[in-house]
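Please look through the sequence and the model shown here, and then follow the explanation below from one element to its surroundings.

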Amino acid sequence: MIKKIYSIVIKLLFRPKLSCHDEEINLIFHSISHQAKDKSIYSMSKKKFEELVHIVKKLQIAHKSQFNKDLKIIFTFDDGYKDFIINALPVLKKNRMNSIVFIIGSNIFSGRKEFISFDDLDILRENNVKIGMHGYSHIKLDALSHIELKKEISNLQHIIKKAKLRTSMFSLPFGGGNDLVFDFLKNAGFNNVYTSSYGSGVAFKSVKLYKRIDIWSIDNHQTLIQKMENFWDLYYFFDNLKSKVYRVK
Ligand SMILES: [Zn+2]
C-alpha cells in the first residue's frame with residue numbers, strides 16, 4: 001500500500017536538479033541490515049545503503065564543481081541499532097561521510113544484542129561517529145505529563161552519567177516535541193535537537209532545532225535526490241498539516 005502511494009507521489013514530482021545548498025542536510029536512517037529483514041521502510045539492506053551513499057558522494061562532487069562550495073550532508077541514525085556498526089560504519093568510513101547515532105538510554109546496559117551497548121561506545125568514538133541520545137525509554141515526549149517528562153529526563157541523565165557520555169545532541173522519539181519538552185532538554189544540556197520535520201535548515205526555540213530528511217528502504221537514486229532537493233514540499237505540507245511540526249514517524 002505504502003509503495004503504491006509512494007510511486008504515485010513520485011510521478012507527481014519533477015525531474016531532479018541540483019541547487020545551491022548553504023546549510024547542512026541531515027538524513028535520517030534507522031536499521032541497516034545485512035539483508036532487508038522485512039518490508040519495513042525503516043530497515044534498509046546494506047547493499048541499498050551503499051548505493052545511496054555513493055549517490056550522495058557523487059552529488060557532493062557535482063555540487064562542489066558547480067558551486068565551488070561543499071555540500072554538507074550528515075547521516076543520522078535513530079534508535080541506536082548495533083547493525084550500524086556492522087553494516088553502515090564501514091561504508092561511511094570508506095566514503096568519508098559524517099554521521100550521528102542517536103541511542104536510546106535504556107538500551108545501553110540492557111544486554112539487548114540488537115542495540116548499541118556501553119561496550120560499543122568506544123568503537124563509535126574511535127571512528128569519529130558522533131553520539132546523541134534518543135530518549136531514555138523511546139517514548140513520545142510531548143505526550144507526557146510534566147511529572148512523567150521530569151522522570152524520563154532524569155532517568156536519561158542518570159544513564160548518561162553511568163555511561164560517561166557527554167553530548168548536546170538529542171533526537172526526538174517519534175518527532176514529538178513542544179515548548180515544555182525543549183525547555184527540559186535545554187536544562188539537561190541538550191542544545192541541539194534533531195526533529196523529524198522534513199527539510200534542511202535550522203529553527204530556533206529554547207534549543208536549536210534541526211530539520212531532517214527521512215530516507216526509506218524503498219528510496220532510489222531519483223527519490224533520494226528529489227527529497228534532498230525539496231521536491232517533496234507537497235508531501236511535507238500535508239504531513240505538517242496532519243501532525244504539526246517536529247514529527248513524521
Ligand atoms: Zn525512534
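Helix H3, which covers residues 83-94, has 12 residues and reaches 17 Å from its first C-alpha to its last, close to the 16 Å expected at 1.5 Å a residue (the expected span being 1.5 Å times one less than the number of residues). Helices (H or I, at least four residues) and strands (E, at least two) are DSSP runs, numbered from the N terminus. The model is a predicted one, in which local features need pLDDT of at least 70 and side-chain atom pairs count only at pLDDT 80 or more, while totals for chains, interfaces and linings use all residues. Residues are numbered from 1 along each chain as its sequence is written.

The buried residues of H3 are Asp83, Phe84, Asn87, Ala88, Leu89 and Leu92, where buried means that 20 or more other C-beta atoms, placed from the backbone, lie within 10 Å of the residue's own. These buried residues pack against strand S2 (31-33), helix H2 (46-67), strand S4 (73-77) and strand S5 (98-103). After H3 comes Arg96, whose phi is positive, near 50 degrees.

Strand S5 runs parallel to strand S6 (residues 130-133), and 4 bridges join them, with Val101 standing opposite Ile131 in S6; strands pair if DSSP finds at least two bridges between them.

Both Phe84 and Val101 belong to the group that touches the most other members of the largest nonpolar core, which has 54 residues; such a core is a set of buried Ala, Val, Leu, Ile, Met, Phe, Trp, Tyr and Cys residues joined through C-beta atoms within 7 Å.

Note on methods:
A residue is buried if 20 or more other C-beta atoms lie within 10 Å of its own, exposed if 12 or fewer, and partly exposed in between; C-beta atoms are placed from the backbone. Two residues are in contact if their C-beta atoms, placed from the backbone, lie within 7 Å.
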